[in-house]
Amino acid sequence: MSGGAERSEQAANGSAAEFRVGFIGLGNMGAPMAKRLLEWPGGLTVCDTRPDAVQPFLESGAQAAGSAAQVAQQAAVISVTVLNDEQVRAVVAGPAGILRTAEPGTVVAVHSTISDRTAVELASQCAERGVELVDAPVSGGAPGAQRGRLAVMVGGSDMAFQRVRGPFGCFADLVVHAGPVGAGTRMKLARNLLHFVAFTAATEAQRLAEAAELDITTLGKVVRHSDAVTGGPGAIMLRDRTAPIEPGDFWLPILGHVRDLGEKDLTLALELGSRLGIELPLAELALDRLGPGLGVSAAATQSERESR
């Protein structure tokens, strides 16, 4: 059996004791993720344009490759963590890219946050060679990677998902199958929409607190503490749909209570901002959108109360 055929069979069988993992891109996220793979039973091959990024992995027992194509000569599952769509295209399908040498059955996992359309396009090119591509963006940042606490959102076939779960488990403690190729990226974009809208809301809260002559670093401690207990914005992301909640539904009184508390507190914050001359556009939008966003109207919750 040839080396390439052997790698393909090992990947298909999902034998952690046999197949080698490749990792391309050893930056702020890639390096801690790859470090968690140093003890992967089948071995690790790394690749980066910077020799100083590769050297610590060589000293720890990994092998190095000079190009993505050389990684694909050795590895059956290859993680890619580079900067943007252009770099991902080059790594996967460029002149010295993975597809130059990858054997059928190889799985390419793109952890970079790219366009979902780029992921679908590259997956189609890979399929022509019998190679599977999954888009597998991560959430949790470098600290999560260092602790093996990342969340990975995988878009790809069921078979490819099963192949990557073992290696991904080295740097992540939550690996979800989001759907077909492109779904992982779409889930990451939805997750990051929440992330950066929340950051913007935090800056608005800081301005209000500062105008009220409060210590905003202390406010930050309170926010981090309470979010660690309650789960933050994710605490209300429990339903499997966003449609209005029907009378009698389990969630109606619960999310109706959330809406009541939120509207009360937002109203009070807006009144404080008005007295202090601070504009709070996100708070105004939240007051208008909270109830409909939760799927609860005042009429529905009032009807629920009256039926008890």
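Where pLDDT is low, the predicted coordinates should not be read in detail.

Some ground rules. This is a predicted model, so local features need pLDDT of at least 70 and side-chain atom pairs count only at pLDDT 80 or more, while totals for chains, interfaces and linings use all residues. Residues are numbered from 1 along each chain as its sequence is written, and side-chain values use heavy atoms, with hydrogens and water left out.

**The cores**

Now select F23, L26, L37, L44, V152, F168 and F171. Of the 32 residues in the largest nonpolar core, these touch the most other members. (A nonpolar core is a set of buried Ala, Val, Leu, Ile, Met, Phe, Trp, Tyr and Cys residues joined through side-chain atoms within 4.5 Å; buried means under 20% relative accessible area, exposed over 50%, partly exposed in between, using a 1.4 Å probe and protein chains only.) Helix α8 gives the most to this core, six residues. Elements supplying at least two each include β1 (21-24), α2 (30-35) and β8 (150-155).

Zoom in on F171. Beyond its neighbours within four places in sequence, F171 is in contact with M33, R36, L37, H111, G144, G148, R149, L150 and V152. For the second, separate core of 25 residues, pick I24, V71, I98 and V110, which are among its members.

**A loop stop**

Hop to T81, in the loop between β4 (77-80) and α5 (85-93). Is T81 buried or exposed? At 15% relative accessibility, T81 counts as buried. Its contacts beyond four places in sequence include F23, M33 and H111.

**Ring pairs**

The whole structure has four aromatic pairs (ring centres within 6.5 Å; planes under 30 degrees apart count as stacked, over 60 as edge-to-face, the rest as tilted). Select F19 and W40: their centres are 5.5 Å apart and their planes at 50 degrees, so the pair is tilted. Both residues are buried.

Finish with F196 and F199, whose centres are 5.6 Å apart with planes at 90 degrees, so this pair is edge-to-face. Both sit in helix α9 (residues 183-211), three residues apart, about one turn of the helix. F196 is partly exposed at 47%, and F199 is partly exposed at 45%.

Technical notes. Helix = DSSP H or I, 4+ residues; strand = E, 2+ residues; numbered from the N terminus. Contact = heavy atoms within 4.5 Å. Phe/Tyr/Trp six-rings, centres within 6.5 Å; stacked < 30°, edge-to-face > 60°.
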